Amino acid sequence: MKVEEKIVLANIYNHQEWVLETTPEILKEVYEKRLIEAGFTIVKFDEYHFPVKGYTCFWLLAESHLAIHTFPESKKSYIELSSCNESKLEKFKEK
């Protein structure tokens with residue numbers, strides 16, 4: 001099978017936001033849906049539930065990554081998407 005090579009310029013576009021949701025299941029569902037609707041290619045997903053409280057997860061994307069970190073004591077979560085594909089990042093933000 002022939003692998004197609006694509007030249008990508010060394011640019012990273014970034015989006016950060018705080019949301020007032022800390023439930024892991026809801027965050028996973030909402031943000032994975034946004035990634036898919038924006039056209040991102042999900043390579044891998046992983047997560048970690050901290051023993052006392054807190055949660056971190058990330059999606060490794062063909063176009064970079066999305067990470068979520070919860071802060072239950074503050075009742076909010078930090079979302080950060082980095083991507084080399086500006087148009088997909090903009091679609092993600094629109095969702």
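User: What makes E47 and K28 a salt bridge?

Analyst: A salt bridge is a side-chain nitrogen of Lys or Arg within 4 Å of a carboxyl oxygen of Asp or Glu. In this predicted model, the closest N and O atoms of E47 and K28 are 3.1 Å apart. That is within 4 Å, so the pair counts. E47 lies in strand β2 (residues 42-49) and K28 in helix α1, so the bridge ties together parts 19 residues apart in sequence. Helices (H or I, at least four residues) and strands (E, at least two) are DSSP runs, numbered from the N terminus.

User: What do the numbering and the model rest on?

Analyst: Residues are numbered from 1 along each chain as its sequence is written, and side-chain values use heavy atoms, with hydrogens and water left out. The model is predicted: local features need pLDDT of at least 70, side-chain atom pairs count only at pLDDT 80 or more, and totals for chains, interfaces and linings use all residues.

User: Why is E47 called partly exposed?

Analyst: Buried means under 20% relative accessible area, exposed over 50%, partly exposed in between (1.4 Å probe, protein chains only). E47 has 31% relative accessibility, so E47 is partly exposed. K28, with a relative accessible area of 23%, is partly exposed too.

User: How many salt bridges does the rule give?

Analyst: The count comes to five. One of them joins E37 and K33, with the closest N and O atoms 3.8 Å apart. E37 and K33 are four residues apart in helix α1, about one helical turn. Another joins K93 and E90, at 3.3 Å. K93 and E90 are three residues apart in helix α2, again about one helical turn.

User: How do you know which face of α2 is buried?

Analyst: The buried residues of α2 are K88, L89 and F92. Seen down the axis of α2, they fall within an arc of 100 degrees, so they line one face of the helix. The arc is that of the directions from the helix axis to the C-beta atoms. What covers them includes β1 (13-19), α1, β4 and β5.

User: What makes a nonpolar core here, and which residues have the most contacts inside the largest one?

Analyst: A nonpolar core is a set of buried Ala, Val, Leu, Ile, Met, Phe, Trp, Tyr and Cys residues joined through side-chain atoms within 4.5 Å. The largest has 16 residues; Y31, L35, W59, L66, L81 and F92 have the most contacts inside it. Helix α1 (24-38), β3 (55-61), β4 (64-71), β5 (76-83) and α2 (86-94) each supply at least two residues of this core.

User: What does L35 touch?

Analyst: Contact means heavy atoms within 4.5 Å. L35 touches F40, I42, W59, L61, L66, L81 and F92, not counting residues up to four places away in sequence.

User: Why is E63 called buried?

Analyst: E63 has 8% relative accessibility, so E63 counts as buried. E63 is found in the loop between β3 and β4. Residues that E63 touches include G39, F40, S82 and K88. The C-alpha atoms of E63 and S82 are separated by 8.1 Å.

User: Is K75 buried or exposed?

Analyst: K75 has 61% relative accessibility, so K75 counts as exposed. K75 is in the loop between β4 and β5. K75 has a positive phi of about 60 degrees although it is not a glycine.
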